[in-house]
Amino acid sequence: MKKIQTQGVHHITIIGADRQTSIDFWEGVLGMPFIFDQPNLDNPNEGHLYFDPGDGRLITIFTNEDRKPDPAAVPEDTGSLHHLALNVSQATFWQVPARLDARGVKHSGPVDRGFMDSIYFRDPLGLRIELASYRFEPPEGCRHADVMIEAHRIRVARGDHHIDKEHLADAIEHLVQRDQQTLSSDRSARNPYA
């Protein structure tokens with residue numbers, strides 16, 4: 001028996017309402033370019049809209065002009081989607097509350113997640129959306145996941161409750177020492193001000 005190795009999210013498809021609601025939200029609120037439009041090949045009564053969330057992957061929406069937006073919360077039962085998290089820069093993150101307020105959208109305000117900041121709100125169809133912003137950039141040649149696993153190991157070794165900024169900083173330092181070369185024979189911390 002062998003694994004089926006994935007290499008990233010290809011796309012996420014959401015059941016939408018009418019076409020314009022999808023365009024207005026995904027492009028008009030979240031800034032995702034509307035890049036592709038065709039019929040739903042499995043249902044001739046539906047459209048299939050494609051949006052670029054910023055990394056070249058895809059968010060797609062099945063639309064139907066007979067379906068109207070319903071802002072009631074989407075059920076969060078076992079096996080259901082709890083929320084869809086989208087990455088934003090720190091510069092954008094701190095503008096989100098005012099930009100949602102300008103539209104009259106209820107939201108959580110900034111939530112401290114230790115390794116990232118989050119804001120939660122619902123789309124016009126009741127789907128919980130999270131806008132998440134990492135508090136760190138990984139060292140050259142590493143991914144966010146590399147920093148996260150190293151920070152997790154540090155956190156567990158110290159017996160801390162959750163990953164926080166100190167774990168991230170120490171993880172980044174460890175990854176740089178492990179992966180990046182130097183001419184120095186001693187890479188330990190020093191105080192040139194003493």
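Biologist: On what basis are the values given, and how many helices and strands does the secondary structure of the chain come to?

Modeller: This is a predicted model, in which local features need pLDDT of at least 70 and side-chain atom pairs count only at pLDDT 80 or more, while totals for chains, interfaces and linings use all residues. Residues are numbered from 1 along each chain as its sequence is written, and side-chain values use heavy atoms, with hydrogens and water left out. Helices (H or I, at least four residues) and strands (E, at least two) are DSSP runs, numbered from the N terminus. Along the sequence the pattern reads β-α-β-β-β-β-α-α-β-β-β-α-α, and the secondary structure comes to five helices and eight strands.

Biologist: What radius of gyration does the chain have?

Modeller: The C-alpha atoms fill a box of roughly 70 × 45 × 30 Å along the principal axes. The radius of gyration is taken over C-alpha atoms, and the globule rule is 2.2 Å times the number of residues to the power 0.38. A compact globule of 194 residues would have a value near 16 Å, but the chain has 21 Å.

Biologist: In S3, which residue is the bridge partner of Gln38?

Modeller: S2 and S3 form a hairpin with two residues between them. The two strands pair in the antiparallel sense over six bridges. Within S3, the partner of Gln38 is His48.

Biologist: Which residue in S4 stands opposite Tyr50?

Modeller: Strand S3 (residues 43–51) runs antiparallel to S4, and five bridges join them. Their hairpin has six residues between the strands, and Gly54 takes a positive phi near 120 degrees there. Gly47 stands opposite Thr63 in S4, and the residue opposite Tyr50 is Thr60.

Biologist: In S8, which residue is the bridge partner of Asp117?

Modeller: Another open sheet has four strands in the order S5-S8-S7-S6, with mixed pairing. Strands S7 (residues 116–122) and S8 (residues 128–134) run antiparallel and are joined by seven bridges. The partner of Asp117 in S8 is Ser133.

Biologist: Which helix gives the largest share of the lining of the largest cavity?

Modeller: On a 1 Å grid over the protein atoms alone, a cavity is a set of points where a 1.4 Å probe fits but cannot get out, a pocket is an open set with protein on both sides within 12 Å along at least five of seven lines, and lining residues have an atom within 4 Å of a point. Grid points are joined across faces, edges and corners, and a volume is the space filled by probe spheres set on the points. The largest cavity holds about 50 Å³, and its lining includes Ile14, Phe25, Trp26 and Asp123. Four lining residues, the largest share, come from helix H1 (residues 19–27).

Biologist: Which residues that line the largest pocket are the closest to its centre?

Modeller: About 1100 Å³ of space lies in the largest pocket. Of the 34 residues that line this pocket, the closest to its centre are Pro53, Asp55, Ala85, Leu86 and Asn87.

Conventions
Two strands pair if DSSP finds at least two bridges between them.
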